[in-house]
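Hello,

Here is the structure I promised to pass on to you. Have a look at it first, and then read on for my notes.

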Amino acid sequence: MRADPAIRLSGVHKRYEVGTSAVHALRGVDLEVASGEYVSVMGPSGSGKSTLLEILGCLSRPSAGRYWLDGVAVDSVDADGLARLRGEAIGFVFQAFNLLPRLTLAENVALPLLYRGVPRAARHERALAALERVSLAQRAAHRPGEVSGGERQRAAIARALVNRPKLLLADEPTGNLDSAHGREILALLEGIHADGATVLIVTHDASIGARTPRRIAIRDGAIEADHGAAA
Ligand code: ADP
């Protein structure tokens with residue numbers, strides 16, 4: 001029997017109601033991503049990339065259509081279950097890092113474990129291991145303001161990895177970085193993919209798309225092209 005795909009979307013639409021008008025951000029997206037694929041989703045601003053990522057990350061629900069995450073029909077899961085699923089199965093990396101400025105890098109990385117009720121000592125140990133994975137263990141006690149942008153994004157990746165998610169979703173992960181730091185982040189994401197995670201990056205940067213085995217182009221809320229899908 002074949003394993004469930006990591007991601008399956010069928011006929012997904014997303015409409016935003018704004019006052020009396022509606023924005024149709026996704027218009028019937030069908031997509032399958034196999035476990036362990038490394039995928040970029042590219043498209044111009046306003047094409048629906050972030051909306052798609054929010055649905056894949058269970059941060060928002062489709063207006064119509066269905067989503068299965070690792071074989072689980074997301075529409076059958078209630079809000080608490082969805083929060084749990086998100087915490088356990090998905091890691092997020094954002095353009096703006098989204099680290100809490102008053103916490104140390106180790107404390108930031110440990111936050112997803114705190115939400116899951118992992119005891120303090122184990123939290124610290126796993127946060128350090130995750131920081132080690134991104135070569136930042138020596139910065140564990142620093143605060144985000146005391147490290148470079150590239151280091152902040154590495155810490156954010158460590159936070160995304162701390163629960164050992166099967167799916168890593170990244171939204172313009174190099175958008176706030178210079179090209180050297182951007183390459184460092186991409187190398188890290190490639191390593192995470194090589195370790196077996198499914199990695200999906202949303203970007204408008206063609207140089208990122210050129211590095212992923214599978215490249216999806218989205219335009220006006222629909223998939224326009226899809227190259228290099230796993231057989
Ligand atoms: P991208 O990430 O490719 O720039 P988005 O998914 O952010 O595209 O946006 C797709 C469309 O949906 C755009 O027209 C955008 O203005 C609209 N949109 C996105 N989020 C919202 C929202 N929360 N409320 C209303 N419209 C939205």
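This is a predicted model: local features need pLDDT of at least 70, side-chain atom pairs count only at pLDDT 80 or more; totals for chains, interfaces and linings use all residues.

**The ligand**

Around the ligand sit Tyr16, Val18, Val23, Ala25, Pro44, Ser45, Gly46, Ser47, Gly48, Lys49, Ser50 and Thr51. Sorted by class, this shell holds five nonpolar residues, six polar ones and one charged one.

A polar backbone atom of Gly46 is 2.7 Å from an oxygen atom of the ligand, and for a polar backbone atom of Gly48 the distance to a ligand oxygen is 3.1 Å. Ser50 takes part through its side chain, with a polar atom 2.7 Å from an oxygen of the ligand. On its own the ligand would expose 560 Å², and the protein buries 61% of that.

Which elements give two or more residues to this shell? They are β1 (7-18), β2 (21-33) and α1 (49-56). With three residues, α1 gives the most.

As background, nonpolar side chains in soluble globular proteins tend to be buried together. In this model the largest nonpolar core has 36 residues, and the members that touch the most others are Leu131, Ile157, Leu189, Ile192 and Ile201. At least two residues of this core come from each of α3 (105-115), α4 (120-133), α5 (149-161), β7 (167-171), α6 (179-194) and β8 (198-203). The largest share belongs to α5, which supplies six residues.

Setting aside neighbours within four places in sequence, Ile157 is in contact with Val93, Val134, Ile185, Leu188, Leu189 and Ile192. There is also a second, separate core of 30 residues, with Leu85, Phe92, Leu169 and Ile216 among them.

**Helix α3**

Is α3 enclosed or open? Eight of its 11 residues are buried, so α3 is largely enclosed by the rest of the structure. The buried ones are Leu105, Ala106, Asn108, Val109, Ala110, Leu111, Pro112 and Leu113. Their cover includes α4 and α5. Just after α3 comes Gly117, with a positive phi of about 75 degrees.

**Two backbone angles to check**

Most residues other than glycine have a negative phi. Two residues here have a positive one. Asn98, which is not a glycine, has a positive phi of about 55 degrees. Asn98 is in the loop between β6 (90-93) and α3, and its relative accessibility of 42% means that it counts as partly exposed. Glu172, also not a glycine, has a positive phi of about 45 degrees. Glu172 belongs to the loop between β7 and α6, and this residue is buried, with a relative accessible area of 9%.

Thr198 lies in strand β8 and counts as buried because its relative accessibility is 1%, where the cut-off is under 20%. A polar atom of the Thr198 side chain is 2.9 Å from the backbone nitrogen of Gly36. Beyond neighbours within four places in sequence, the contacts of Thr198 include Ala6, Val33, Ala34, Ser35, Glu37, Lys166, Leu167 and Leu168.

Ser10 is in strand β1, and its relative accessible area of 31% makes it partly exposed. Neighbours within four places aside, Ser10 is in contact with Val29, Asp30, Gly65, Arg66 and Trp68.

Glu224 sits in strand β10 (residues 222-227). Not counting residues up to four places away in sequence, Glu224 touches Ala217, Ile218 and Arg219. With Arg219 there is a polar contact of 3.0 Å between the side chains. Glu224 and Ala3 are 221 residues apart in sequence, and their C-alpha atoms are 27 Å apart in space.

Definitions and conventions. Residues are numbered from 1 along each chain as its sequence is written. Side-chain values use heavy atoms; hydrogens and water are left out. A nonpolar core is a set of buried Ala, Val, Leu, Ile, Met, Phe, Trp, Tyr and Cys residues joined through side-chain atoms within 4.5 Å. Buried means under 20% relative accessible area, exposed over 50%, partly exposed in between (1.4 Å probe, protein chains only). Helices (H or I, at least four residues) and strands (E, at least two) are DSSP runs, numbered from the N terminus. Contact means heavy atoms within 4.5 Å. A residue is near a molecule or strand if one of its heavy atoms lies within 4 Å of it. A polar contact is a pair of N or O atoms within 3.5 Å; within protein, one must be able to donate a hydrogen and the other to accept it, and residues adjacent in sequence count only if both atoms are side-chain atoms. Accessible areas come from the Shrake-Rupley method with a 1.4 Å probe; for residues, only the protein chains shown count as cover. Ala, Val, Leu, Ile, Met, Phe, Trp, Tyr, Cys and Pro count as nonpolar, Asp, Glu, Lys and Arg as charged, and the others, Gly among them, as polar.
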